[in-house]
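Here are some friendly notes for you to read alongside the model.

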Amino acid sequence: MQDKRPEWSSHLSFIIATVGSAVGLGNIWRFPYIMGKNGGAVFLFTYLLLIAFICIIPLCCELGLGKLYKKNVINTFEIISPKYKWVGWLCIITVTLIPCFYFVVGGWILNYIWIFLTNELPVNFANYFSSFSSQIFMPCFLTILFLIMTAIFPFRGVNKGIEKANNLMMPLFALMLLILAIFALTLPGAKEGLLFMFKPDFSHFDKTMILTALGQALFTLSIGMGTILTYGSYMKENTNIVKSAYTLIICDTIIAVTAGIMIFPIVFSFGVEPSAGASLAFISMPQMFSELPFASFFGLIFFALLFFASITSGISMMETTVAAFTDKFKISRKKSTVITTAVIALISIPASLSFGVLSNFKVFDKTVFDLLDYTTSNIFLPFNTLIICLIAGWSIPYFWKKIFGESFFGVVFNILLKFIVPIILIFVLVTGI
Ligand code: TRP
């Protein structure tokens, strides 16, 4: 049995859901650090230019394809031409592989929420994290738990599940981020932290910095996987694509910068080295929170923040696959969610075990977790984005007119779409590999 094609109940819900998809671990544990390390304000300025003039193009392409065809990612490319069927499948493979490592981190977040909730805090988080993540049972169990918690929402449907989850979690997320950022600014290291993040350093302005900014911008916008296309396919007929895309970019950037305003004052108040990724979120930050007067309160807020950020992104990843399987195999949304969940569960277990028993099992010199992370972010993401731009630019008659209109901006965007963005993406791909 096939369900009727859903639609967001309001424009605001659509924006909140896409922001929920875009705002994830990338905004909190990656952006602030690479901004601080790559020239501060100079990086921010470069990033803003790139995201506003370059990344906006694939973003509008995905939203536009969604609006134009109102289909899941596989059927969309199949309709454009049967010879592009593989593009849809490639997006599905990518977007199904990402949660396989992303949800392992989700499992760790659940564990940390638990320890801050029960106030059973270890003395040394570095030791604690390495001994916890290398266990067999608990991390796998929590990864699956996080997966099931995420799957509930696509299972319940677009309006009753996804929309409700985002409308509840994203405002909470914003509120908590604000509380933590304001608190961080009252700490003694606030000035030093802000200087680390914003102080312009022109010596970093080079090819590497531009590529880093571009890679981060692509990852944070969740493009290249058909996710934005799928969310776009539920939009209302009169939605303005370019406006929505800029709204998304502005919200995403404000949140990423605010995350930095929260993190670095804390980091510098405790005199630890600024860092990114797992060691920042699961070692330095909790260690510092555990030394503050209201340890469990602030620690809990921080991990709730990470939880909301990652689950709303996770929902959008799963929805992309669920929507595709539902239409493609003509099965119910519920059945499709169960299949997607099973596939992710199967691959995420070795990813979780790669911090323990499987740490020596390496393919191309990388553990399962690192391999999934590396190939999806550095190869699939820019490659899929490139193909999507080429198809939208060259294979769909008047695509740009339908999306951007015939104004001056429309013409500029068309040139960007057909020539400039593809060339840049090829460059990103070649250097990335
Ligand atoms: N944008 C997410 C983040 O910043 C990560 C991400 C990449 C993503 N691709 C995605 C999320 C596809 C959802 C769908 O963490």
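1. The lining of the largest pocket takes at least two residues from each of α2, α5, α10, α16 (368-395) and α18. Helices here are DSSP runs of H or I with at least four residues, strands are runs of E with at least two, and both are numbered from the N terminus. The largest share comes from α16, with eight residues. Please bear in mind that this is a predicted model, where local features need pLDDT of at least 70 and side-chain atom pairs count only at pLDDT 80 or more, while totals for chains, interfaces and linings use all residues. Residues are numbered from 1 along each chain as its sequence is written, and side-chain values use heavy atoms, with hydrogens and water left out.

2. The volume of this largest pocket is about 700 Å³. A pocket is an open set of points on a 1 Å grid over the protein atoms alone, with protein on both sides within 12 Å along at least five of seven lines; a cavity is a set where a 1.4 Å probe fits but cannot get out, and lining residues have an atom within 4 Å of a point. Volumes are the space filled by probe spheres set on the points, which are joined across faces, edges and corners.

3. Which residues lie nearest the centre of the largest pocket? They are Arg30, Phe219, Asp373, Ser377 and Asn378, out of 27 lining residues. By class, the lining has 16 nonpolar, eight polar and three charged residues. Here Ala, Val, Leu, Ile, Met, Phe, Trp, Tyr, Cys and Pro count as nonpolar, Asp, Glu, Lys and Arg as charged, and the others, Gly among them, as polar.

4. Searching the whole structure gives two cavities of 30 Å³ or more. The largest cavity holds about 170 Å³ of space, and 16 residues line it, with Ser21, Tyr102, Phe219, Ser222 and Met317 nearest its centre. Its lining has seven nonpolar, nine polar and no charged residues.

5. At least two come from each of α3 (41-69), α10 and α18 (408-432).

6. α5 and α14 pack with their axes 8 Å apart, at an angle of about 155°. This makes the two helices α5 and α14 roughly antiparallel (over 145 degrees). The contact of α5 with α14 has 23 nonpolar, eight polar and one charged residues. Axes are lines fitted to C-alpha atoms over the stretch in contact, with angles from 0 to 180 degrees between N-to-C directions.

7. Overall, the protein has 18 helices and zero strands. Its C-alpha atoms fill a box of roughly 60 × 50 × 45 Å along the principal axes.

How values were computed. Angles under 35 degrees count as roughly parallel, over 145 as roughly antiparallel, 65 to 115 as roughly perpendicular and the rest as oblique.
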